[in-house]
Amino acid sequence: MSGYKVPFVSVIIPTYNRRHILPDSIGSVLNQSYRDFELIIVDDGSDDGTEEYIESIADDRVRYLKTDRNRGPAAARNLGAREAKGEYLAFHDSDDEWLPDKLEKQMALLTDEKAEVSMVYCEYSKYNGTDWLIVPPREIPYECKQGDLFAYLLLQPLIGTPTIVVSREKFCLAGEFNETLQTYEDYEFTLRFAGKYKIGFVGEALVKVNQSPNSVNKRLDERIRAQFYMLEEMLDALKEKGLLWKKLELLLQEAAKLECYDVFIEELRKLLSGQFDIEEERERLEALLRETEQSDERINELKTKVREKFAGLKQQILKVYLGLYGGQEVQAETLPEIGEKIQECVSAASAYFVLSPKCQDTCHAFGEKEIPDNKTGQLFWLTEAVGLLEELEKDGLQMFVGGCAGNV
């Protein structure tokens with residue numbers, strides 16, 4: 001089109017002591033097929049040589065901002081947005097990577113007048129230790145991922161930060177990222193944004209999300225607290241749409257999965273004692289609180305009993321191991337007895353908790369092994385037995401699935 005001016009985009013990357021992984025993230029932006037952009041790197045108080053590395057980049061599209069202290073990713077993104085020159089903003093993370101045509105495909109939809117959207121996001125891929133997952137899941141109908149997303153987002157997150165491209169004007173009008181939140185600030189922002197504007201979606205995984213050891217999304221307690229904050233902020237909308245109890249159900253499920261029942265109980269108590277319009281729901285909320293408190297006590301009691309069972313067996317194994325290592329003869333029935341007790345521990349854990357896939361594989365592999373008939377093999381077998389019990393204790397006792405503590 002004659003005279004058409006390609007919209008300018010400001011890409012914002014907040015970073016804190018990520019010098020070792022920044023090159024891949026930055027490179028994935030500078031290699032975009034869409035060329036009309038600036039890259040604003042907001043150094044949130046790093047002391048690992050990040051500044052020296054950024055200054056060494058020979059590309060005039062790169063701008064560098066540094067805060068006087070670490071303020072968190074939300075504040076860093078907001079600073080970048082305020083300093084941006086672009087008509088549109090794109091957010092990226094310092095440990096993730098964009099595919100080369102990400103901006104091009106998203107900007108095509110965002111600038112399409114027929115689409116009438118003020119933000120566009122896309123799928124991203126994430127490695128879970130075994131497979132690459134696509135988020136949001138493709139099982140969710142396409143029509144549920146675009147347009148008016150407010151009701152969907154009231155219940156659960158859908159949009160990852162490094163997939164967001166948004167009108168700078170609408171970003172400011174929606175109120176920027178909430179700097180008081182320690183995590184889920186992207187969820188909270190997109191929820192507020194969806195209450196005002198329509199959102200577009202590109203059904204391709206255009207971002208590769210890498211899980212760093214100190215990633216913000218590891219703050220499990222804060223994930224529950226942040227969602228209660230959103231629940232309180234959107235309480236009227238949740239009640240109006242009949243979604244309050246569905247939201248609480250999903251929150252309770254997440255608290256169980258993350259072993260954060262105590263945080264759920266604490267936040268529910270705050271909701272009941274705060275200045276919120278919940279009188280119609282108070283009786284049911286109080287019943288939920290009592291039920292959750294009882295469940296938390298029962299689960300903690302159950303875990304204690306299971307771990308005591310593990311500890312007792314580990315002591316028995318250690319005694320046999322030391323005796324065998326010291327040259328003592330092991331009675332013929334001792335090792336098979338230990339094998340049976342290990343299977344009892346596996347059964348007890350499996351009956352009440354969701355074992356991780358890795359833990360299930362370890363249990364299955366150990367159960368298939370025959371007890372060696374030589375001393376060296378038996379020592380290794382006992383060592384593996386202790387390792388299995390420790391893995392059950394560390395990785396297996398996660399999400400509760402039911403049962404009675406008295407049966408352990």
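Me: Before we start, what does buried mean here?
Reply: Buried means under 20% relative accessible area, and exposed means over 50%. Partly exposed is in between. Keep in mind that this is a predicted model.

Me: OK. Which residues are buried in H14?
Reply: Cys359, Cys363 and Phe366 are buried in H14.

Me: Where do they sit around the helix?
Reply: Seen down the axis of H14, the buried residues fall within an arc of 70°, so they line one face of the helix.

Me: And which exposed residues are on the face turned away from that buried side?
Reply: That face of H14 carries Pro357, Lys358, Asp361, His364 and Glu368, which are exposed.

Me: How many residues does H14 have, and how far does it reach?
Reply: Helix H14 covers residues 357–368, which is 12 residues. From first C-alpha to last, it reaches 17 Å. That is close to the 16 Å expected at 1.5 Å a residue.

Me: New topic. How many salt bridges are there?
Reply: The count comes to 25 salt bridges.

Me: Show me one. What does arginine 225 meet?
Reply: The side chain of arginine 225 forms a salt bridge with that of glutamate 222, at 3.7 Å, N to O.

Me: How are those two placed in the helix?
Reply: Both are in helix H8, residues 220–233. They are three residues apart, so about one helical turn separates them. In general, an α-helix has 3.6 residues a turn, so residues three or four places apart point the same way.

Me: Which network are they part of?
Reply: Salt bridges link Glu222, Arg225, Glu266, Glu267 and Lys270 in a network.

Me: What about arginine 223?
Reply: Its side chain meets that of glutamate 254 in a salt bridge, 3.3 Å from N to O. This pair links distant parts of the chain, 31 residues apart. Arginine 223 is in helix H8, and glutamate 254 is in helix H10, residues 244–257.

Me: Why does glutamate 254 count as buried?
Reply: Because its relative accessibility is 16%, and buried means under 20%.

Me: One more. Which residue does arginine 269 pair with?
Reply: Arginine 269 and glutamate 293 form a salt bridge at 2.5 Å, N to O. Arginine 269 lies in helix H11 and glutamate 293 in helix H12, so the pair ties together parts that are 24 residues apart in sequence.

Me: How accessible are they?
Reply: Arginine 269 has 44% relative accessibility, so it counts as partly exposed. Glutamate 293 is partly exposed as well, at 23%.

Note on methods. Residues are numbered from 1 along each chain as its sequence is written. This is a predicted model: local features need pLDDT of at least 70, side-chain atom pairs count only at pLDDT 80 or more; totals for chains, interfaces and linings use all residues. Side-chain values use heavy atoms; hydrogens and water are left out. A salt bridge is a side-chain nitrogen of Lys or Arg within 4 Å of a carboxyl oxygen of Asp or Glu. Helices (H or I, at least four residues) and strands (E, at least two) are DSSP runs, numbered from the N terminus. Buried means under 20% relative accessible area, exposed over 50%, partly exposed in between (1.4 Å probe, protein chains only). The expected span of a helix is 1.5 Å times one less than its number of residues. The arc is that of the directions from the helix axis to the C-beta atoms.
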